[in-house]
Amino acid sequence: MIRQLPTEVNWTLAGIFAVLVLSSVLLYCWRRLKPQADLAEMTARLRTWWVIAVLFSLAVAGSQAFAVAFFAFVSFLAFKEYLSLIPTRRADRRVLFWAYLAIPIQYYWIYSQWYGMFIIFIPVYMFLLLPTRAVLIGNTDGYIRAMGTVHWGLMTAVFSLSHAAYLLNLQPVESGRISPSWPSEHAIEEPGPGLLIMLVLLTQLNDVAQFAWGKSFGRTRVAPDVSPGKTVAGLVGGVATTVVLAMLIGPALTLMDWQRSLFAGLIIGLGGFAGDLSISALKRDLGVKDSGSILPGHGGILDRVDSLTYTAPMFFHFVHYFYF
Amino acid sequence: MNHVLRYLFFVFVVYPMTLILIGLNVRRRELLPQAGPALIVANHNSHLDALTLISLFGLKRLRYVRPVAAADFFLRNRLLGWFSTRVIGIIPLDRAPKGTRSDPLAGIVAALERSEILILFPEGTRGEPEQLAEFKTGVAHVAKRSPETSVTPIYMHGLGKSLPRGEALFVPFFCDIFVGEALHWTGNRGEFMDLLNQRMESLAAEGTFPDWN
């Protein structure tokens, strides 16, 4: 079954592809005008953006099962990348196997729209099960570090990211705290795609805005030991830009009014900043520049979804509190 | 070899496993030999090593790529022997040849004469996972008898964590693969082995790998 997307969602997707087409044309002209410039990195980066945009659009427009499978696969890649980067104990191979099994199970709760299980499965059951399995193996050397790292990885790469998939399937209830202001008739039947696109689009634009503001203004660094490029001006300017964009996009694309959209923008701005820094700290601790090389021009999966690991659950619960 | 079964096995079992479940991170793929006669020399950590290396060559060169594997292990019963020789396409190697009449390298040399691409693990055994053991000199004998053969060193990391010796449970980890510059027979066994070991060590030193013990 293919989703019938609301008109405003189709226009937003069309807009994203228009930007990609424009970027490709500009890059082509640049290459023709200045053949000696080294654009390999930028070309690879743009090509990867094309692949991401096409897959993401298919996930939004395709069946529910396909969308869930897509996000489950992203979680799998992110979790595998994480486990391949961190020190693990040889004795824990079976523990890690069970941790991997949490991915299809977590996404099955999403597919079947079992909210209660979705929200406690990893924080409660996997949190208790994995140490139990490790204790049965019996190696206590480095036990605390091993359990802490595996659970942090599951929470970040699987639990947090899976909120993006659940967003797609939300159905509003009559008894919500706020009555929805629908952007179109059609959105009443499909409120999820607009919300998911707002989350992902604003998270990516927030990354760009923070980077651009930080490059242009500001000297005072926010977290010099974690990410020397982050400045106070970058943070403030980036969050402000995201808030303004949210107020424009939110009412036109989702069931939120402009007040709720403003707060959602604030949450995405601050959450994206924190998520970015969190993955930066992880890489700095491990002494690597990129988390992987699966996305040419970008690095690894974790490099791409770093902000989303914070914004997805924060945005989800904000929306959920008011409308669902 | 049963080419039809081999293609099916690689397309439906090996490629999904190596490309999706494991995930290969290949440095300098362009240094892989385009055609035989060629030797691929790699460190050995796991049963997945040979299948992963074969999958690097893609479907086009699949029929020319074969691993050299221990006869005492892979031919120990009829079913495994059939699967190893017919589907995976191994060239069996007798690790402890008795007597002097039979030539243990005959199968390898003949395959190189047919311009095949052979995969060889000169450590001789999977050994301790993710630890590079010293290379045995059999590879130098092959290079000497077939001097036109290019010898491409490859260092792999990760498969020993996914499926180490003595384990049947597969756990996904990304696999890093470092392809080195090919070398040829130098005219001297000691010199050739030194050069090969040197290349392997510098390939191994390229990556930074997390602790695993």
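In chain B of this predicted model, residues 24 or more positions apart account for 76% of the contacts (heavy atoms within 4.5 Å) with a separation of 6 or more. The chain contains eight helices and seven strands, taken as DSSP runs numbered from the N terminus, with helices (H or I) of at least four residues and strands (E) of at least two. The radius of gyration, calculated over C-alpha atoms, is 16 Å, close to the 17 Å given for 213 residues by the globule rule (2.2 Å times the number of residues to the power 0.38), so chain B is as compact as a globular protein of that length. The C-alpha trace of chain B spans about 45 × 40 × 35 Å along its principal axes.

Of the 213 residues of chain B, 52% are buried, that is, under 20% relative accessible area with a 1.4 Å probe and protein chains only. The accessible surface amounts to about 10,100 Å² (Shrake-Rupley method), and 54% of this belongs to carbon and sulfur atoms.

A nonpolar patch on the surface, with about 860 Å² of accessible area together, includes B:Val4, B:Leu5, B:Phe12 and B:Trp82. Such patches join nonpolar side chains (Val, Leu, Ile, Met, Phe, Trp, Tyr) within 5 Å, from residues with over 30% relative accessible area and no salt bridge (a side-chain nitrogen of Lys or Arg within 4 Å of a carboxyl oxygen of Asp or Glu). Helices α1 (3-22) and α4 (78-88) of chain B each supply at least two residues of the patch, and the largest share, six residues, comes from α1(B).

Residues are numbered from 1 along each chain as its sequence is written, and chains are lettered from A and ligands numbered from 1 in the order in which they are written. Local features need pLDDT of at least 70 and side-chain atom pairs count only at pLDDT 80 or more, whereas totals for chains, interfaces and linings use all residues; side-chain values use heavy atoms, with hydrogens and water left out.

Key. Patch = residues over 30% accessible without salt bridge, like charges linked within 9 Å, V, L, I, M, F, W, Y side chains within 5 Å. Areas by Shrake-Rupley, 256 points an atom, 1.4 Å probe, with all protein chains shown as cover. Buried < 20%, exposed > 50% of the residue type's maximum accessible area, 1.4 Å probe, protein only.
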